[in-house]
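Biologist: I would like to learn how to read a structure like this one. Can we go feature by feature?

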Amino acid sequence: MKLPAGVRAVSALCLLLPLLLAGCRRQHFPKYPANFREFAYITNGGSDTVSVLDLVNMRQDRVIAVGSSPTGITASPTRNEIYAVNSGSGTVSVIDAENNRLAATIPVHRQPYFIDVDAKGERGYVANAGSNNVSVIDLAARRVIATIGVGEAPGLARISPDGDSLVVTNRASGSVSIVDPHAFRVRSVFTGCPQATDAVILPDSSKTFVACSGGHQVMVIGLARPASPYESEHRDRLLDFLDVGQTPVHLALKPDGGEIFVSNFGSDTISEIATGANEVGGAYNVATRPSGGVVSADNSTLWISNFSANTVGAYSIDDGQLVNTINVGDGPDHLALASNGFVLLAVDTRSGDVSVIRTISYAPDGTIHQGSLFTMLPVGRHPNDIAVKAFRVQ
């Protein structure tokens, strides 16, 4: 991979003049216990591999051969395992994170694109776009235990935190299927969401918000809560359609669940949604073609990737303004934060690398900067998605 001239110059200075440039000093990175491990896993759709990046030592650890055209990837919340979806071969690869080796391959159906795992780490849910269904995987037994028919070309299947609702976005049919994951059946269907893509579910599992990327709206659905004292909440129900920008492609939920930030790819803006009131607070210009986003653990900063501008922006949520823009690789899309929030990773889909950004850095005069490029690590061809796993070895 050939770095841009500006990035090469910064890297050279960091290597040759560490005493002069305090912002490049290694001691500004956290100190980890000897048994601490943290890795980032990137699916490379053009290489049929998963790249493993060592986030403690900031280097590529290895490359793992998986199935054909890997796309979605996620980490288990309870096991030291990673699950990569192989769209071309209709399988899910299980990676042992302690050894970073392929542990199993689970057949699903045609053209799977996305996998989510429940909070207990027991079941995986795979949206199979080519089969119009969802595969339910027993992750301990490494086998499919149910197949649920949904709408056309499902691209995402997301399980609620309480495990009682599975939200499936059907891109081709412009609909959302709400599945009962215990009974393995569709509970409700909501139409009118053209090219339904991304979805988020509030931490209390009360609502889901779905991006209708074929238009300019976000669909809001109230999820059934049988134990609620209000009879109207005992069933799934359409609550609203919220007007945002053109071509909303991604929803970034604050960890506290209070707000959602919508990446409006077609209008170069982000929209802010107050989840309690189901209201759009406004739209804000960012850069060209915003695509991905992630909110810091303290709910203060939105990091947003600008696909066509080759930048990542730091947006102050409290101040309502963009505070910094960082040049990265070509075609940044998916973003992920390291477990301590000190490092932000941007997957550069066109240049085949991952940009490593320090969320906080220090200039020689002690000035604090919010966001600075530290390095760029090569991965494979056409990287798609990223998952981060941190753990301690025994």
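**Reading the strands and contacts**

Modeller: Start with a hairpin: E9 and E10 form one, with four residues between them. In that turn, Asn132 has a positive phi of about 55°. Keep in mind that this is a predicted model.

Biologist: How many bridges join E9 to strand E10?

Modeller: Six bridges join E9 to E10, residues 133-138, and the two strands run antiparallel. Gly124 has Ile137 in E10 as its bridge partner.

Biologist: Why is strand E9 described as largely enclosed by the rest of the structure?

Modeller: Count its buried residues. Buried means under 20% relative accessible area. Strand E9 covers residues 123-128, and five of the six are buried, so the rest of the structure largely encloses it.

Biologist: Now a whole sheet. In what order do the strands E4, E5, E6 and E7 come?

Modeller: The order is E4-E5-E6-E7, in an open sheet with antiparallel pairing. At the edges are strand E4 (70-75) and strand E7 (101-107), each pairing on one side only. From one strand to the next, the twist averages 25°.

Biologist: What joins E4 to E5?

Modeller: Four bridges, with the strands running antiparallel. As one example, Ala75 stands opposite Ile82 in E5.

Biologist: Let me zoom in on one residue of E5. Is Tyr83 buried or exposed?

Modeller: Tyr83 lies in strand E5, residues 81-86. Its relative accessibility is 0%, so Tyr83 counts as buried.

Biologist: Which residues does Tyr83 touch, not counting those up to four places away in sequence?

Modeller: Group them as you read. The contacts of Tyr83 include Gly72, Ile73 and Thr74. Val92, Ser93 and Val94 are also among them. Take Ile115 as a case of sequence against space. Tyr83 and Ile115 are 32 residues apart in sequence, yet 7.6 Å apart in space, C-alpha to C-alpha. There is a polar contact as well: 2.6 Å between the side chains of Tyr83 and Glu81.

Biologist: Turn to covalent links. How many disulfides does a search of the whole structure find?

Modeller: The general idea is that a disulfide is a covalent bond between the sulfur atoms of two cysteines. Here the search finds one. Cys193 and Cys212 form it, with their sulfur atoms 2.0 Å apart. The angle about the S-S bond is -110°, and the link is left-handed. Cys193 lies in the loop between strand E15 (185-191) and strand E16 (196-201), while Cys212 is in strand E17 (residues 207-212). The two are 19 residues apart. Both Cys193 and Cys212 are buried.

Biologist: Last, aromatic rings. How many aromatic pairs are there?

Modeller: The count comes to six aromatic pairs. Read a pair by its ring distance and plane angle. Phe261 and Tyr315 have ring centres 6.3 Å apart and planes at 65°, so the pair is edge-to-face. Phe261 is in strand E21 (residues 259-264) and Tyr315 is in strand E26 (residues 311-316), 54 residues apart. Phe261 is buried, with a relative accessible area of 3%. Tyr315 is buried too, at 2%.

Biologist: Which residues form one aromatic cluster?

Modeller: Phe39, Tyr41 and Phe391 do.

Definitions and conventions. Residues are numbered from 1 along each chain as its sequence is written. This is a predicted model: local features need pLDDT of at least 70, side-chain atom pairs count only at pLDDT 80 or more; totals for chains, interfaces and linings use all residues. Side-chain values use heavy atoms; hydrogens and water are left out. A disulfide is a pair of cysteine sulfur atoms within 2.5 Å. Buried means under 20% relative accessible area, exposed over 50%, partly exposed in between (1.4 Å probe, protein chains only). Two strands pair if DSSP finds at least two bridges between them. Contact means heavy atoms within 4.5 Å. A polar contact is a pair of N or O atoms within 3.5 Å; within protein, one must be able to donate a hydrogen and the other to accept it, and residues adjacent in sequence count only if both atoms are side-chain atoms. Axes are lines fitted to C-alpha atoms, for helices over the stretch in contact, and angles run from 0 to 180 degrees between N-to-C directions. Rings of Phe, Tyr and Trp (its six-membered ring) pair if their centres lie within 6.5 Å; planes under 30 degrees apart count as stacked, over 60 as edge-to-face and the rest as tilted.
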